[in-house]
Amino acid sequence: MIVATQTATKGANVELLLVQALSGLASAASLFLVASGLSIIFGVTRIVNFAHGAFYMLGAYMAYTLTSRFAGPLGFWGGLVVASLIVAALGALMEMVLLRRIYQAPELFQLLATFGVTLMVQDLVVLIWGPDDLMGPRAPGFTGAFELFGRRIPSYDALLIVLGPLVLGLLWLLFHRTRWGVLVRAATQDRDMVACLGVNQKWLFTSVFALGVFLAALGGALQIPRTTVTHAMDLSIIVEVFVVVVIGGLGSVTGAFFAAVLVSELNALGILVLPKISLIAVFLVMAVVLVVRPFGLLGKPERAPRAAAGLSFRPWKPMTQIERIGVALIVAMAALLPLFAGDYTLSVGSEILVFVLFASSLHFMMTVGGLASFGHAAYFGLGAYGAAFAVKFLGAPMGVALLIGPLFGMLGAIVSGWFCVRLTGVYFAMLTLAFAQIIWSVTFQWVEVTGGDNGLLGIWPARWASSPQGFFWLTLGIAVVGVALLRMLVFSPFGFGLRAARDSTLRADAIGINRKSVQWAAFVVSGTFAGLAGALFAFLKGSVFPDSLAIPISVDGLVMVLLGGIETVSGAVVGAIVYKALAIWLMSQTDLSKLILGAIIVLLVVASPKGIVGFIEHIRHRRPRTPTGADVPDSLGINMKAAE
Amino acid sequence: MTALLEVSGLVKSYSGVHAVKGVSFAVQAGQILALIGPNGAGKSTCFNMLNGQIEPDAGSIRIAGEEIVGLPPRAVWRRGVGRTFQITATFSSMTVRENVQVALLSYHSRLWSMLGYAGASHRDEADRLLDLVGMTQQADRPCGELAYGDLKRLELAVALANQPKLLLMDEPTAGMAPKERVELMRLTAGIARAKDIGVLFTEHDMDVVFEHADEVMVLNRGELIARGTPQEVRRDPHVQAIYLGEGLLYDAKHREEAVS
């Protein structure tokens with residue numbers, strides 16, 4: 001009798017798993033649509049379209065409006081398609097107006113531009129559709145459910161399960177049986193060659209972009225009978241889509257399909273089997289896939305990017321005497337700020353300084369090491385939690401906590417860096433993102449230690465630094481020393497070797513430089529300084545939350561670096577000050593801060609793909625040479641050409 | 001006496017295609033040896049195995065008696081092998097001098113040093129190397145701006161930074177103007193003789209090969225089919241049929257010179 005009951009329970013469990021698996025397959029359909037769009041766009045244009053999530057969201061909102069207005073099956077299905085077409089047209093518009101201008105910009109710069117668009121869309125959506133979640137109509141003819149093993153499965157899910165492979169098949173036909181498709185595949189292999197063959201690249205790119213956006217919008221539109229439409233849809237999907245595309249292999253539609261199924265099933269079944277680690281299961285799988293197959297399941301090795309014409313580096317020089325004096329004056333002026341500025345200004349100033357240090361640490365890794373991390377918040381957050389643990393569990397004073405924080409950042413970077421430097425380019429970026437998400441999930445779910453969502457409170461600075469003035473001076477001192485150390489490192493023999501490994505792996509290897517170890521070391525240095533910034537942040541806020549190692553912080557860091565100028569020595573300092581100050585100021589002035597900030601980012605990218613500092617240097621070096629611009633000795637006592 | 005470089009029974013195939021099948025040869029110190037052969041003969045594969053970029057399927061490569069098969073390029077470099085690439089590989093974000101300085105820092109095992117200004121280290125040594133290849137004038141220019149011939153000369157300076165015993169040069173004069181070719185090879189030969197460096201180079205320009213090589217090896221379909229002095233190789237009917245063809249420019253030129 002007991003045995004029979006057990007068997008029955010087991011049977012029920014298997015049924016539950018099966019039903020859950022079907023639900024996972026249904027989710028996979030939308031994910032596949034969005035991911036295949038991203039993959040196709042990347043394959044041809046080499047653009048990682050951050051705005052893909054925004055188009056997904058727009059598709060859902062647009063479909064909501066159309067399907068609510070026009071009733072009946074035609075109104076619903078027609079509405080979905082028309083909504084996707086409208087969004088695709090918007091996507092094509094963005095490609096023509098914005099991206100066409102910046103195809104020649106350094107890698108990742110298009111990412112910044114599309115990120116700016118994402119910010120704008122977030123505010124626009126709230127402006128047009130309001131801040132509340134919206135509930136769309138159900139699909140006519142698919143409102144019911146059918147029974148399977150005594151459990152009800154929505155018939156709409158069944159439709160989606162069929163739809164996924166159907167779209168995959170249609171895309172296959174499009175790419176293998178049409179002239180356009182052949183051109184797209186050829187361009188994915190070698191777009192320069194295709195251009196040489198007399199194909200109009202502009203329109204090929206635009207049409208590919210429109211198709212990709214159409215797929216994203218359709219993926220969003222198809223979601224409205226299943227879930228509510230919210231203005232947070234974009235960020236939640238974009239990370240998942242990045243993961244899918246990277247697991248599947250960038251540029252591979254079939255790979256995206258398998259990866260979408262894999263990820264959706266992991267999400268659906270993970271909750272049943274291992275609820276504790278469900279959040280990180282996907283990222284763990286991605287990390288494993290990337291270490292075993294560095295270019296995804298069905299991806300091909302990335303060709304080394306061809307150097308963008310006209311953007312060759314001006315060799316970096318240490319600061320001249322005059323520049324040093326200028327910097328010292330600026331620092332001195334900043335140090336005088338507490339004498340007349342109010343508490344609010346000072347706390348804002350401290351926050352900016354924390355991010356100056358954080359952005360500089362990322363900048364070191366990105367521009368000197370050539371390692372673009374999408375998950376740099378991990379080390380910032382680890383630093384914050386390290387400091388918080390020191391205070392909470394050891395009762396350590398601030399001085400000690402400010403050492404333990406960077407130590408945490410360093411340890412995190414040692415572990416994840418070892419894996420990450422095995423990869424390059426976008427795959428490297430994605431693996432750093434995966435590690436950041438794993439660490440975030442652990443912090444979020446390990447409530448006993450980290451307090452989970454409630455965070456850790458009461459991380460107050462030492463008495464002498466507890467006033468806004470004192471803390472500002474502390475932050476200023478640490479930030480200045482940190483940035484100076486990083487800058488020194490750029491010009492040290494180690495920095496030279498690091499730049500060598502970035503410029504030409506082949507040549508570096510042929511003169512005895514081990515790329516992986518050098519880059520690993522740079523990763524660790526960068527993580528340590530990010531940890532220091534995080535530790536300061538914990539004391540600034542008096543608390544730590546999982547937010548401090550979440551994606552928005554990583555993205556902020558990236559934006560600061562790119563805004564300042566990726567080809568400069570210390571552009572991140574300027575980028576961080578401008579971005580953070582602008583963000584805080586706009587937040588206090590207007591409800592549409594994201595719209596304005598996004599627009600500013602887009603404009604800056606178009607006006608100056610070299611970033612703010614790159615732009616200033618460009619202007620400076622365009623000036624005719626002055627006869628006095630000869631040799632200026634610097635403090636090291638060596639004669640060297642002035643930056644002229 | 002152990003040869004500087006001793007290669008025996010080198011084999012490499014790519015998914016069924018036999019690129020190199022059992023190549024054996026030796027290079028002595030101070031010797032300038034050319035490796036020629038038609039496209040696809042396996043020259044580059046041979047080269048890339050010699051400095052550890054590709055691992056051979058079988059065979060042995062000894063530098064001064066020490067086996068180097070299985071070592072990465074950076075370890076081969078530490079054993080005194082410098083190389084230049086068919087398509088130049090330089091550090092384009094740095095100045096010409098800095099390119100050499102990085103190589104010198106690496107040679108002096110100072111690359112892990114995080115203190116001091118690297119632009120000030122080994123400056124004289126870098127300038128001497130640049131002087132050797134005639135690049136002193138361009139020392140402060142960004143490497144990204146150089147003309148192709150200058151890049152080739154810079155590569156030579158970089159390849160000489162570790163005081164190599166053996167220099168591997170993959171098509172050192174490809175893409176250069178005729179005058180530059182002769183100059184570069186004359187320069188290389190001069191340095192090699194002065195410092196007793198063994199040089200192995202591949203080349204398609206027979207003027208360069210016959211003018212500067214002490215000996216020439218001919219590779220065809222992954223096998224060495226001839227080795228000898230330039231005169232011997234040039235007269236080898238088998239080599240003529242496979243690679244050189246008839247009516248050599250070099251011969252014609254020399255006949256003209258003899259007449260005038």
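View 1. H16(A) covers residues 425-445 and reaches 31 Å from its first C-alpha to its last, close to the 30 Å expected at 1.5 Å a residue, the expected span being 1.5 Å times one less than the number of residues. Helices (H or I, at least four residues) and strands (E, at least two) are DSSP runs, numbered from the N terminus.

**View 2. The open sheet of chain B.** Six strands follow the order E6-E7-E8-E3-E9-E10 with mixed pairing (two strands pair if DSSP finds at least two bridges between them). Strands E6 (81-84) and E10 (223-228) of chain B are the edges, each pairing on one side only. Within this sheet, E7 (residues 166-170) and E8 (residues 198-202) of chain B run parallel and are joined by five bridges; Leu167(B) stands opposite Val199(B) in E8(B).

**View 3. The interface of chains A and B.** Contact (heavy atoms within 4.5 Å) involves 34 residues of chain A and 36 residues of chain B. Asp509(A) forms a salt bridge with Arg74(B), with the closest N and O atoms 3.6 Å apart; the count between the two chains is two salt bridges (a side-chain nitrogen of Lys or Arg within 4 Å of a carboxyl oxygen of Asp or Glu).

**Notes.** Residues are numbered from 1 along each chain as its sequence is written, and chains are lettered from A in the order in which they are written. In this predicted model local features need pLDDT of at least 70, side-chain atom pairs count only at pLDDT 80 or more, and totals for chains, interfaces and linings use all residues, while side-chain values use heavy atoms, without hydrogens and water.
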